[in-house]
Amino acid sequence: MNKIAAPSSKGGGDDRTTFVGVVVPRHIKLLPKVLSTLNEATVKELVKAVAADVGGEPPKDGFIATLAATGVDEDLLHRAFGGLHSLVTAALRHPPDTFKKQHFADDLKYLGLETKVALSIEKIVYGAKRTKIESNLEESRIRLPSLADFKWRVDVAISTSELQRAMKPAVLMQMTLSDGTIQTFEMPVEEFHKLRYNVSYVLKEMEELEKRGIMQGP
């Protein structure tokens, strides 16, 4: 099995944050080295397959094996395809109207990709098929049910099996999710106040996080 050494970190204290995030995944960091071991025709086929896949047309079974039949290491092909796919998917998360093409080109150069490969990836991200690609990604995205409706009321237990006169309030809540599921639960008023506080705290933390520069668009 061919081994690819991880590229050395860039000097000069450059702390540029690219579109892939603060930490560049190892398989993307290794991508330039992996691609350098493949010929231009093979790289073109891999990029074409990635473009088709994000557009909703997965490569045919045996696609990698077919390329490997020309004498290319199959493991390298898998790593190259995976790295390119992750790179393109990360780029497609950014709206093209706010994620400037020049900034994207600078990021690809910073990541060490050759000009021809970078231009091919730019065509996927900023090309005419972008709308179709986004539509396919939206349809295939795994998502949890969202909150469709929420109802609540306060019930007072007049008595219990242990006390003749309890007069203890409790909050009864019912959530209807987007998939039609209905969840009903009850909690003491004390727990409700804890829930209210924690939700408020999380919302405040989210607002503070969104103010940080790293969360802002390019």
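Here are my notes on one helix crossing and on the ring pairs.

I'm working with a predicted model, so I keep in mind that local features need pLDDT of at least 70, side-chain atom pairs count only at pLDDT 80 or more, and totals for chains, interfaces and linings use all residues. Residues are numbered from 1 along each chain as its sequence is written, and side-chain values use heavy atoms, without hydrogens and water.

**Helix crossing.** I looked up helix 3 (residues 40–54) and helix 5 (residues 74–92): their axes come within 10 Å and cross at roughly 45°. That makes helix 3 oblique to helix 5 (angles under 35 degrees are roughly parallel, over 145 roughly antiparallel, 65 to 115 roughly perpendicular, and the rest oblique). Next I checked who touches whom, with contact meaning heavy atoms within 4.5 Å. Helix 3 brings residues including L46, V50 and V54, and helix 5 brings residues including F81, L84 and V88. By class, I get 11 nonpolar, 3 polar and 1 charged residues in this contact.

**Aromatic rings.** How many aromatic pairs does a search of the whole structure find? It finds 5 (ring centres within 6.5 Å; planes under 30 degrees apart are stacked, over 60 edge-to-face, the rest tilted). The ring centres of F19 and F99 are 5.9 Å apart with planes at 55°, so this pair is tilted. F19 lies before helix 1 and F99 in the loop between helix 5 and helix 6, so the pair ties together parts 80 residues apart in sequence. Both F19 and F99 are buried (under 20% relative accessible area; exposed is over 50%, partly exposed in between). F99 also pairs edge-to-face with F104, at 5.6 Å and 70°. I noted that ring pairs link F19, F99, F104 and Y126 into a cluster.

Note on methods. Axes are lines fitted to C-alpha atoms, for helices over the stretch in contact, and angles run from 0 to 180 degrees between N-to-C directions. Helices (H or I, at least four residues) and strands (E, at least two) are DSSP runs, numbered from the N terminus. Ala, Val, Leu, Ile, Met, Phe, Trp, Tyr, Cys and Pro count as nonpolar, Asp, Glu, Lys and Arg as charged, and the others, Gly among them, as polar. Rings of Phe, Tyr and Trp (its six-membered ring) pair if their centres lie within 6.5 Å; planes under 30 degrees apart count as stacked, over 60 as edge-to-face and the rest as tilted. Buried means under 20% relative accessible area, exposed over 50%, partly exposed in between (1.4 Å probe, protein chains only).
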